[in-house]
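Thank you for coming; I would like to walk you through the ring pairs and then the nonpolar core. Please have the structure open while I talk.

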Amino acid sequence: MKKPKHIVISILAVLFVFPVMGTFALQAADSGSIEVITTFDYPGTGNSTEPQKITEKGDIVGIYIDSSGVSRGFVRFSDGSFSAPIVDPNDTVGFTEARGINNPGTVVGDYATPDGNNHGFFLLGGTFTEYDVPGAVSTTVFGINDAADFTGGFDPGSGIFQGYVNVHGTLMSFSVPGAVLTLAYDIDNSKKLVVGYYIDSLGILHGYYRDANAALHFPVDPSGSVETILFGLNEKNWVVGRYADSSGVNHGLFFVPPNQFFTFDYPGSTFTSLNGINSEGTICGRYVDASGIVHGFIARVRGTPPTKEAGTEMKALNPSSSARGGAMPAR
């Protein structure tokens with residue numbers, strides 16, 4: 001098993017550089033920050049590690065891709081140990097994704113079948129339970145809260161992916177008006193907020209959030225973004241994700257509704273993604289190194305990061321409007 005690499009790095013709006021015990025730190029006076037605690041890789045040679053969500057005690061669910069391109073799920077426990085590969089028993093094509101986890105330990109995700117469609121699953125205590133939205137040809141499950149309410153996306157058979165939330169067994173689907181795809185990635189325990197992303201008619205990705213009244217707020221786009229994705233949230237309404245700029249650099253995104261954001265970049269990397277955050281402000285995400293290898297990391301929010309204002313928000317007049325199109329869901 002590969003031993004995690006421990007580092008502590010602060011990324012702030014105003015930067016001062018100085019040596020700290022053989023490494024370095026970036027910090028600014030009287031300001032909050034996001035600090036990297038450790039990096040990690042799923043054991044094995046050539047694996048790409050893609051953390052997805054994190055529980056209150058620090059268990060992380062994610063996906064790893066081996067050197068042959070096979071995708072498997074995993075859990076990294078708070079003590080640094082890893083589960084065995086998570087493989088849905090119906091996966092015959094080498095594609096299982098573990099996307100979400102709640103505090104009771106239920107893992108959610110999806111697997112692919114030879115026809116090119118995906119199907120959702122729940123995993124608890126070693127037992128898989130398959131899930132498909134009724135009548136759908138393809139279903140993904142991305143997030144689950146402690147009450148077992150869950151979120152995802154589905155194709156009803158038309159090639160039109162819609163987002164959904166399932167609360168107390170009641171399924172509610174929705175799409176951002178004018179979008180060609182809408183996906184729901186996470187829901188908080190209070191059921192006040194759902195976050196995700198959509199693709200507009202020009203093929204551009206934008207973040208959105210859905211409030212307790214089922215109103216959609218969109219687009220969520222930091223200044224300079226040409227692609228925005230929101231992945232996870234906590235009970236403080238802190239949201240994490242990533243965005244790409246016009247030069248092709250992907251930045252980690254810390255977002256506070258309705259329109260405040262903070263950029264986080266892993267030092268030396270042109271790709272940073274923040275995927276999950278718990279109520280303690282602990283974040284799981286990933287970065288790509290100079291050789292193209294993907295590594296997971298754990299970070300923490302210190303204080304209140306200095307946020308900037310995002311662009312003008314629009315609100316959907318009809319949250320139940322349909323969307324068109326399809327694409328491989330981001331992770």
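Predicted model: local features only at pLDDT ≥ 70, side-chain atom pairs only at ≥ 80, totals over all residues.

**Rings and core**

The structure holds 23 aromatic pairs, where rings of Phe, Tyr and Trp (its six-membered ring) pair if their centres lie within 6.5 Å, with planes under 30 degrees apart counting as stacked, over 60 as edge-to-face and the rest as tilted. One of them joins Phe121 and Phe128, edge-to-face, at 5.4 Å centre to centre and 65 degrees between the planes. Residues are numbered from 1 along each chain as its sequence is written, and side-chain values use heavy atoms, with hydrogens and water left out.

Is Phe121 buried or exposed? Phe121 counts as buried, at 0% relative accessibility, whereas Phe128, at 23%, counts as partly exposed; buried means under 20% relative accessible area, exposed over 50%, and partly exposed in between, using a 1.4 Å probe and protein chains only.

Ring pairs also link Phe40, Tyr42, Tyr64, Phe74 and Phe82 into a cluster.

Turning to the core, the largest nonpolar core has 15 residues, and Ile34, Phe254 and Ile283 are among those with the most contacts inside it; such a core is a set of buried Ala, Val, Leu, Ile, Met, Phe, Trp, Tyr and Cys residues joined through side-chain atoms within 4.5 Å. Ile283 touches residues including Ile34, Val240 and Phe297, not counting residues up to four places away in sequence, where contact means heavy atoms within 4.5 Å.
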